[in-house]
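Please look over the sequence and the model shown here.

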Amino acid sequence: MARQLDYHKVREIFARFEAAEPEPKGELEHVNAYTLVVAVALSAQATDVGVNKATRDLFKVADTPQKMLDLGEEGLIQHIKTIGLYRNKAKHVIKLSRILVEDYGGEVPNSRAALQSLPGVGRKTANVVLNMWWHYPAQAVDTHIFRVGNRSGICPGKTVDAVERAIEDNVPVDFQRHAHHWLILHGRYTCKARKPACGTCLIRDLCLFEDKTL
């Protein structure tokens with residue numbers, strides 16, 4: 001785990017991220033807050049590409065909690081059976097849809113606690129929804145962010161919660177809204193787990209990763 005970079009280096013890193021991509025977007029396809037919750041819940045231990053392939057047709061017929069309940073668990077499974085852990089995920093989606101209909105009038109709540117009370121929705125999922133739909137500067141730490149944060153010194157921490165706190169504490173406020181998207185994309189396409197593309201990395205001179213490759 002690298003040491004925490006100082007304020008000036010962190011600010012320069014995010015200034016470069018912003019210059020390269022001013023409005024980074026999440027890659028999960030959705031049409032409203034509900035479909036975003038479902039998509040993120042389905043993405044656990046699966047790729048965004050795989051989830052998008054499965055949900056394109058699903059969301060055409062079930063883009064609200066009630067429509068999902070009408071589709072039913074077996075109907076849902078037919079759409080998502082190409083995704084890992086699809087049976088468990090189908091149970092969670094049906095359960096959370098029922099809770100949304102019965103307790104929230106079919107609307108997705110926008111507090112972290114309420115979101116995390118839904119089956120299959122953890123802190124990371126809640127943070128993704130708060131950030132992407134309501135534009136709240138919540139930091140959804142996944143394996144990419146955990147790796148980038150600890151390699152580079154941008155937001156080191158021994159746990160996911162520690163990395164989340166490091167982002168909140170050390171990334172300047174004007175970059176907070178998009179911080180987790182920039183870090184995810186950097187980890188997914190540049191600072192990859194096995195073969196990091198250090199030779200083309202736009203923050204190479206600021207990063208503390210010792211095993212830089214050419």
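**Cysteines and a kinked helix**

Cysteine 198 lies in the segment after α10, where helices (H or I, at least four residues) are DSSP runs numbered from the N terminus. Cysteine 207 is placed in the segment after α10 too. This is a predicted model, in which local features need pLDDT of at least 70, side-chain atom pairs count only at pLDDT 80 or more, and totals for chains, interfaces and linings use all residues. Residues are numbered from 1 along each chain as its sequence is written, and side-chain values use heavy atoms, leaving out hydrogens and water.

The UniProt annotation "binding site", from an unreviewed entry, covers Cys191, Cys198, Cys201 and Cys207; such annotations may be inferred rather than shown by experiment. These residues are spread over 17 residues of sequence but cluster in space, with a largest C-alpha distance of 10.7 Å.

Buried means under 20% relative accessible area (1.4 Å probe, protein chains only). Cysteine 198 is buried at 9%, cysteine 191 at 11% and cysteine 207 at 15%.

How many disulfides does a search of the whole structure find? It finds zero, a disulfide being a pair of cysteine sulfur atoms within 2.5 Å. The closest cysteine sulfur to that of cysteine 191 is in cysteine 207, at 6.2 Å, which is too far for a bond. For cysteine 198 the closest is in cysteine 201, at 6.4 Å, again too far.

Helix α3 has a kink of about 40 degrees centred on threonine 55; the bend is the angle between axes fitted to the seven residues ending there and the seven starting there. Its buried residues include Val51, Thr55 and Leu58.

Technical notes
Buried < 20%, exposed > 50% of the residue type's maximum accessible area, 1.4 Å probe, protein only. Helix = DSSP H or I, 4+ residues; strand = E, 2+ residues; numbered from the N terminus.
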